[in-house]
Amino acid sequence: MRKIFVFLFQRDSASFIFCAPQKMKTLNYYSIFSFFESMIILTNKQLQSFKPKDKEYVIADRDGLSIRIRTTGHMSWVFRYRYNAKAQKIILGAYNQTTLDSGISLKKARTIVSKYKSLLEEDNDPKQWIEEQLREKRQKKTVKEVIDEFIERVLIVKSYRCNGE
């Protein structure tokens, strides 16, 4: 008769059952816990609870998406993937826990990652796709648009700073 270990793991409202053969000598609570921790996806509540530590750390979500928390408390989305047998990463942008107007939400980050995953399935590098999109966007601008953008970014910001508002 073959013996197995059965573990019940609960986190928030999810429950998991883990079965392992008895002959696994390296099996312990920590290895099982870390295994299930890696399977659990992030929630907005968890994202808001992350605090800065002495050292920068990364928490994985799913599909290569993770959030990087710096020692300053700044949180940014990172997409890690492999293309042509090389590890790659793309910084998607900042996650702002107070107002999502200035950052990328969890839902939007997952949407972006799913787009990048579909590009990978078509054997296209997401980094190259992003560069092509930026190149096309720059080429489509008229002289008036470039001047308007300059006025918005540089002149208005300088006048705002000079007035002390």
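Guide: Helices (H or I, at least four residues) and strands (E, at least two) are DSSP runs, numbered from the N terminus. In this predicted model, local features need pLDDT of at least 70, side-chain atom pairs count only at pLDDT 80 or more, and totals for chains, interfaces and linings use all residues. Residues are numbered from 1 along each chain as its sequence is written, and side-chain values use heavy atoms, without hydrogens and water.

Visitor: Which residue just after helix 3 takes a positive phi?

Guide: That residue is D123, with a phi of about 65°.

Visitor: Which residues of helix 3 are buried?

Guide: Buried means under 20% relative accessible area, exposed over 50%, and partly exposed in between (1.4 Å probe, protein chains only). In helix 3, L106, A109, V113, Y116 and L119 are buried. Viewed down the axis, these residues fall within an arc of 135° (taken from the directions from the helix axis to the C-beta atoms), so they line one face of the helix. K107 and E121, on the other side, are exposed.

Visitor: How many aromatic pairs does the structure hold?

Guide: Rings of Phe, Tyr and Trp (its six-membered ring) pair if their centres lie within 6.5 Å; planes under 30 degrees apart count as stacked, over 60 as edge-to-face and the rest as tilted. The structure holds 4 such pairs. The ring centres of F79 and Y81 are 5.2 Å apart and the planes at 15°, so this pair is stacked. F79 also pairs with Y116, with 5.8 Å between centres and 40° between planes, a tilted arrangement.

Visitor: Why does the pair of F79 and Y116 tie together parts that are 37 residues apart in sequence?

Guide: F79 lies in strand 5 (residues 75–83), whereas Y116 lies in helix 3 (residues 106–121), so the pair bridges that separation. Ring pairs link F79, Y81, Y116 and W129 into a cluster.
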